[in-house]
Amino acid sequence: MDRPDRATILVGMAALALATCERAASEAPRGSSAAGAADGAAGAAEGGGGAAAPEPIAASSGASGASEPGSAGGQGGAGGSGAGGEGGALSWEPVETDWCSAGWIGLDDHTCFHVPESAPRGAPILYVLHGAMAPDSLPVAFQATAAEAADALGVVAVFPRGRPGLCTWDPSVETYSCWPTRRETVDAAAPAVLDEWMRAEALMERILGEPFGGRYVMGFSNGGYFASYVALEGLVAVDGAGLVGAGRMVIEEHLFSEERPPIYIAVGDLELASTIASAENLADVLTQHGWEHALAVHPGRGHEVHADDFSRAWETWVAAP
């Protein structure tokens, strides 16, 4: 597998850390419509209800200032965040991991990030969530699509890995890397997952020397269902969310966040009928609540995500008042 050499990594990091362009995130160019390949399994089934939502992580959205990491709980870690050298300068080295394909930098063995050369100072951060993935599979195609979109939009993309044991709807996928998508698994696992995201984000801000100017989340399939919980319930503050090949049938409206980040929802018209129905149901509920959103039903597409989903999501996010 091709990996960026150290010089390429440092150039990419310096492009963001030392950029003099101060253009606002809303001026970032729209993405292209080049197609990407689908990654992950079919959308996760949902269930359950009635339990209380997990407490939101105590972190402000980058749009209103630097993010503050949550408490240092949960599994794993953001990796290598020790300070050293004069003046407390950060001592950090990229991590070599098969999880990060060409153009992506390993923050730790399960988190990759991509820094476009076009990214302005204080660029937004975009979390990209994969679908259910078998233990021996790698997200090469999805990462290529996400990197293309990040380059077009001028955002820093982060690609974390889900956890095994969270695909609870079928024993045959219990070893897959997944995101929590049922009430019980969201309540049990989301706080630690999101705490790890916030610690990784804080480390990236130190690496790049600049706070992020906004926080967005884009999920495909199983990742899209989890992104809906993050945005609807305010589990962590985001400025916009995107769901591709996903939606929601069971929606606990009493857990809605006071914040209403705009939401982009997309499915293909060749998807399973249940997936299309879940996307349409979520859009209907959002309409009833006056929640800014957009629903796209792509003709001729199945369960897949493309670069134009990122650009259309961005248009939805920046168009919201």
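Start by selecting Cys-100 and Cys-112: the torsion about their S-S bond is about -95 degrees, so this disulfide is left-handed. A disulfide here is a pair of cysteine sulfur atoms within 2.5 Å, and the S to S distance between Cys-100 and Cys-112 is 2.0 Å. The model is predicted: local features need pLDDT of at least 70, side-chain atom pairs count only at pLDDT 80 or more, and totals for chains, interfaces and linings use all residues. Residues are numbered from 1 along each chain as its sequence is written, and side-chain values use heavy atoms, with hydrogens and water left out.

Next, show the secondary structure around this pair. Helices (H or I, at least four residues) and strands (E, at least two) are DSSP runs, numbered from the N terminus. Cys-100 sits in the loop between helix H1 (6-17) and strand S1 (105-108), and Cys-112 in strand S2 (residues 111-114), so the bond ties together parts 12 residues apart in sequence. Cys-100 and Cys-112 are both buried (under 20% relative accessible area; exposed is over 50%, partly exposed in between; 1.4 Å probe, protein chains only).

Now move to Cys-167 and Cys-178, a disulfide with its sulfur atoms 1.4 Å apart. The torsion about the S-S bond of Cys-167 and Cys-178 is about 40 degrees, so this disulfide is right-handed. Cys-167 and Cys-178 are 11 residues apart, each in the loop between strand S4 (156-160) and helix H3 (183-208). Colour by accessibility: Cys-167 has 2% relative accessibility and counts as buried, while Cys-178 is buried at 0%.

Finally, select both pairs. The count by this rule is two disulfides, and with bonded cysteines counted along the chain the pattern is 1-2, 3-4.
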